[in-house]
Amino acid sequence: MIIFAAMNSIYYSVRMHAECNSRHLSGAERLVLPEQVESVTTDLLLRALQLSPDVVSVSVDKILSEQIEFGAIPSITLMPQVGYEQGRKEAVALLVEAGVTELSALRAIAAIANGASEAGFAMRGAMLVDVCSGERLEKDHTRGVRASRLDLTSAAALSLTTLLQQHDLTHLRTREALVLAAKVLAAPSVVAELCWSDAADYTAGYVASQKTGYCRFAQLKPLGDLRGGRAFFVRPDADLTATIAFLEQTPFLADRHGAIRSLEGRQ
Ligand code: AMP
């Protein structure tokens, strides 16, 4: 594990959300030093504008460093290259290894595959799924629960980017998903996470848990499918108010990361 200390006392949480026809289009988050706010805000705005949105909201909130929880990006396993159907089967096996029942894993996969929002589209945030029954626990099935106020320290980002480049993982989404998984796994009562993207051209997804680390699949959905999503699996006795407060409110910076092992060549 490589650890980098963060010294500054003030950070800003910069959050972007874009919509089209009242539907979620894109969202992104950074937690940065004051001198980075201008360039990061511009980057997020430009990213949203490329998608021809109707509305883009950007918010900037001051965060004191004593409010920040520091944590680790999990170790990464690049899973063997298989089609999305086989990938989903292997994702279920990993979730079971992490402590999720097969029923719960299958229900979450079916919900994401069918479009988990009320209207059958991708949600804006994640489902909260009971690790035993597979019951959905989030109040709003369209908004879901957002993991927010999260980022990597600059030193950890530099080190992680170098490591990811060695495995040709240069897409910004990979880094963002790793940071999100780090925060989700640090949340009280969360056992595991399942994700695949809602972007039509991005088929990758992952299972993350303390037990398995972050296991990345190149394909968890067919190319062109706009249905993607996230499930955060929580213990049946979870204090959901505390879990959601941590995910949405507590500032989180990953200051260390694990290694990458590749099983990609294996079948
Ligand atoms: P993406 O990986 O950005 O394509 O997102 C895939 C899905 O994950 C989205 O459709 C949302 O349902 C969910 N999602 C995206 N960002 C977040 C977040 N910050 N917190 C919780 N869920 C999210």
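Let's start with a pair of oppositely named partners you can find in the structure: Arg30 and Asp151 form a salt bridge, and their closest N and O atoms are 2.6 Å apart. That distance falls inside the rule for a salt bridge, which asks for a side-chain nitrogen of Lys or Arg within 4 Å of a carboxyl oxygen of Asp or Glu. Keep in mind that you are looking at a predicted model.

To place this pair, step back to the whole protein. The chain is divided into domain 1, covering 2-67, and domain 2, covering 70-262. Arg30 lies in the range of domain 1, and Asp151 in that of domain 2. The C-alpha centres of these two domains are 20 Å apart.

Now look at where the domains meet. Here 21 residues of domain 1 are in contact with 26 residues of domain 2. The size of an interface is often given as the accessible area lost when the parts come together. Between domain 1 and domain 2, about 2000 Å² is buried, and carbon and sulfur atoms give 53% of it. The rule finds three salt bridges across this interface, and it also finds six residue pairs in polar contact there.

Which strands supply at least two residues each to the side of domain 1 that touches domain 2? They are S1 (2-3), S2 (10-20), S3 (23-32) and S4 (55-64). Of these, S3 gives the most, with eight residues. Sorted by class, this side of domain 1 has nine nonpolar, six polar and six charged residues.

Terms used
Residues numbered from 1 in each chain as written. Predicted model: local features only at pLDDT ≥ 70, side-chain atom pairs only at ≥ 80, totals over all residues. Heavy atoms only, no water. Domains from an automatic or database assignment. Contact = heavy atoms within 4.5 Å. Buried area = accessible area lost by both parts, 1.4 Å probe. Polar contact = N/O pair within 3.5 Å; in protein donor to acceptor, adjacent residues only side chain to side chain. Helix = DSSP H or I, 4+ residues; strand = E, 2+ residues; numbered from the N terminus. Nonpolar A, V, L, I, M, F, W, Y, C, P; charged D, E, K, R; others polar.
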